[in-house]
Amino acid sequence: MEISPETTNQSDNVVMKKKETRGRKPKPKDDQQTKSATKKQQQQQEHEPTVDEKYTQWKSLVPVLYDWLANHNLVWPSLSCRWGPQLEQATYKNRQRLYLSEQTDGSVPNTLVIANCEVVKPRVAAAEHICQFNEEARSPFVKKFKTIIHPGEVNRIRELPQNSKIVATHTDSPDVLIWDVESQPNRHAVLGAANSRPDLILTGHQDNAEFALAMCPTEPYVLSGGKDKSVVLWSIADHITSAADPTSGGSIVKPDSKSGEGNDKSADSPSLGPRGVYYGHDDTVEDVAFCPSSAQEFCSVGDDSCLILWDARTGSSPVVKVEKAHNADLHCVDWNPHDVNLILTGSADNSVCMFDRRNLTSNGVGSPIHKFEGHKAAVLCVQWSPDKSSVFGSSAEDGLLNLWDYEKIGKKIERSGKRAPPGLFFQHAGHRDKVVDFHWNASDPWTIVSVSDDCQSTSGGGTLQIWRISDLIYRPEEEVLAELEKFKSHVVACASKSEK
């Protein structure tokens, strides 16, 4: 079943946008409102729906499209959102950790936020309830648990699979910061407060490393990329005890080091140099990803329009360098956890490409299996579903989060008289500005958390949404039709009884 609240025609005039907008500081509200009013006037002149009109249309369809949705207004934008460990299971909902950030304008410190989220179970929420939310309010399902005062803005958050209480953050510096979020003290983020002290600092970059960050699924390895055009690999095994058992109370911190409140320089934090530094890109490295089955194999993408595959066992040179993987900067990459031959890339050319690593190039340039074209602005994030090998999501500066299934390519889907882009089966249109990050929930596979930076289009800072599409959308068509027929029979039977 194919449902979307938006038409998905791609504009012929592709506007290239540089990724710097992802790290933009919030603008003053007067400036925001002026730009927003100008944008609305232009849209009205061009007879295009405004952001508010599109949003109103989407909100009216929420009871049909979603099994559950929670909307949480953020005072400050968050450039990253990640699910943490599941804490508790109950009859109708589960409690789970959620990692966010607050990117401020300097009036208060930047923070790493650990929240507790109540995740409502499938087919529990009432349709009329999920659409009755206030865009400017905080959700009762999301509660702040702990605040860490972060030295610099938080551009990326990644959790360590081997120890769910350890997270890494990228900031506006060359270092990667490692945090034990359970042992870190809760801090009050007021102007002038000292920074929290990282539990470990990973050194090795020669210039700022802001966005490219990944954790290895099989070993406690960290991978990073930065403006120095390098990819850097660390093994933090020496700093972790009992990593395989999160309940054992093992810590990333060595016995002679201290966690907790510190000074701005984080001088007392232990540091760790890299296991390897890899050069092959000619511009900033924008994203990195590990091969799901190997700690030694990984890939990277950058502003040089290249996708590079690496193998730490063969040295520091690229194994394969794919020139012109896209026609513009590459912003994001993800490696399929179910099929290690499939790699996704997202670009400023508004498209997502799927590559097969066994056949990456043709005549010296990138040769993707398929190019997915459903966004109208730069793609900022791509991620494979943890549940279904052919499904993935992509988010972009157009405010949309698209869900794709490459197995649907070749099947004609007519939507309001217009054909949808091949493979696209759902568009989440609940954000009113660029969707900077999202994360599938491995504990509840069709539940997604997404964040948008709304400073430009609204007077708010950002929007966090947690949502699950109706299972009638992604389940096999025959199965859905059989269930609907059964439901129809039930309704008819009830109606006939009431008439007697």
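Modeller: Seven strands are to be named here, and each supplies at least two residues of the lining of the second largest pocket: E2 (82-89), E6 (156-159), E11 (212-215), E17 (285-291), E21 (330-335), E27 (379-384) and E33 (435-440). The model is a predicted one. In it, the volume of this pocket is about 950 Å³. The lining has 42 residues, and Arg82, Glu159, Met215, Gln383 and His439 are the closest to the centre of the pocket. Sorted by class, 24 residues of the lining are nonpolar, nine are polar and nine are charged.

One of the contributing strands, E6 (156-159), also belongs to a sheet. That sheet is open and mixed in its pairing, with five strands in the order E6-E7-E8-E10-E15. E6 and E15 (271-272) are the edge strands; each has a single partner strand, so one side of each has no neighbour in the sheet. The pairing of E6 with E7 (residues 166-170) is antiparallel and runs over four bridges. Within this pair, Arg156 is opposite His170 of E7.

Searching the whole structure gives three cavities of 30 Å³ or more. The largest cavity has a volume of about 60 Å³. Its lining is made of 11 residues, and those nearest the centre of the largest cavity are Glu210, Phe211, Lys227, Thr284 and Val285. By class, three residues of that lining are nonpolar, four are polar and four are charged.

Most residues other than glycine have a negative phi. Ser305 has a positive phi, near 65°. Ser305 sits in the loop that joins strand E18 (294-302) and strand E19 (307-311). With a relative accessible area of 13%, Ser305 is buried, because buried means under 20%. Asn350 also has a positive phi, near 75°. The loop that holds Asn350 lies between strand E22 (342-347) and strand E23 (352-356). Asn350 has 2% relative accessibility and therefore counts as buried under that cut-off.

Technical notes:
Residues are numbered from 1 along each chain as its sequence is written. This is a predicted model: local features need pLDDT of at least 70, side-chain atom pairs count only at pLDDT 80 or more; totals for chains, interfaces and linings use all residues. Side-chain values use heavy atoms; hydrogens and water are left out. On a 1 Å grid over the protein atoms alone, a cavity is a set of points where a 1.4 Å probe fits but cannot get out, and a pocket is an open set with protein on both sides within 12 Å along at least five of seven lines; lining residues have an atom within 4 Å of a point. Grid points are joined across faces, edges and corners, and a volume is the space filled by probe spheres set on the points. Ala, Val, Leu, Ile, Met, Phe, Trp, Tyr, Cys and Pro count as nonpolar, Asp, Glu, Lys and Arg as charged, and the others, Gly among them, as polar. Buried means under 20% relative accessible area, exposed over 50%, partly exposed in between (1.4 Å probe, protein chains only). Two strands pair if DSSP finds at least two bridges between them.
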